[in-house]
Amino acid sequence: TANAVASGDFVTFSFKDISNQKSVIYAFHKNNLAFGEWLEMDPIQMGATKINVATGDNFFLACDQTNRKLYRYTWNEFGKEWLFSDQTAALSSDANAVPYITATNKHYAILDYMQPVSGERPNKLTLYYQDSNYEWNKGGEKILPFTIGGSKPEASFGFTSGSSFIALTY
């Protein structure tokens, strides 16, 4: 299975290898110094097939939903390279929660969805934003008590963002 996520100056491609239970993500950034050229990043190896990729203006997130890992890559315009930051610690400590991500412009959100056992679950929503100095900041956190029925919650709700909002529908 292949997926592409594009932003203004870069694109990511992710490929899921179901038989080997792994995924690979490729990122290509436009080379502003040479028309029509792209700068390729070394492939990102993920140890699962249940992954999410989300992009903003100058960054992308790679989330391994099975092994609960979250990585942020921010473009360094001066160095012409992706700066890696392991954001796994931003996820809740509950090993049964499944992280979902969304991003746009200079912000992103993480929804750590607690797997339903019975009743409502305390799902953690955390917001992050990039300030005018290109520094990342935690914008806020809120517990959203809801449960989605069924065996495939990812097919039962939507989690997306726009320039001035983040929307969760279920």
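Here are some questions and answers about how this predicted model is described.

Q: What makes a feature count in this model?
A: The model is predicted, so local features need pLDDT of at least 70, side-chain atom pairs count only at pLDDT 80 or more, and totals for chains, interfaces and linings use all residues. Residues are numbered from 1 along each chain as its sequence is written, and side-chain values use heavy atoms, with hydrogens and water left out.

Q: How many helices and strands does the protein chain have?
A: Zero helices and 15 strands. Both are DSSP runs, numbered from the N terminus: helices are H or I with at least four residues, strands are E with at least two.

Q: What makes E11 and E12 a pair?
A: Two strands pair if DSSP finds at least two bridges between them. Strand E11 (residues 107-113) and strand E12 (residues 121-130) are joined by six bridges and run antiparallel.

Q: What joins E12 to E13, and which way do they run?
A: Ten bridges join E12 to strand E13 (residues 136-146), and the two run antiparallel. Asn123 stands opposite Leu144 in E13. Five residues lie between the strands of this hairpin, and Tyr134 there takes a positive phi near 65°.

Q: Why is Thr74 called buried?
A: Buried means under 20% relative accessible area, exposed over 50%, and partly exposed in between (1.4 Å probe, protein chains only). Thr74 has 10% relative accessibility, so it counts as buried. Thr74 is found in strand E8 (residues 69-76).

Q: What is Thr74 in contact with?
A: Contact means heavy atoms within 4.5 Å. Leaving aside neighbours within four places in sequence, the contacts of Thr74 include Phe59, Trp82, Leu83 and Trp136.

Q: Why does Thr55 get the label buried?
A: Its relative accessible area is 10%, so Thr55 is buried. Thr55 is found in strand E6 (residues 51-55). Not counting residues up to four places away in sequence, Thr55 touches Val5, Phe10, Phe60 and Ala103, among others.

Q: How much of the protein chain is buried?
A: Buried residues make up 43% of its 170 residues.

Q: How do you know what radius of gyration to set the protein chain against?
A: The radius is taken over C-alpha atoms, and the globule rule is 2.2 Å times the number of residues to the power 0.38. With 170 residues, a compact globule would come out near 15 Å; the protein chain has 16 Å, so the value agrees.
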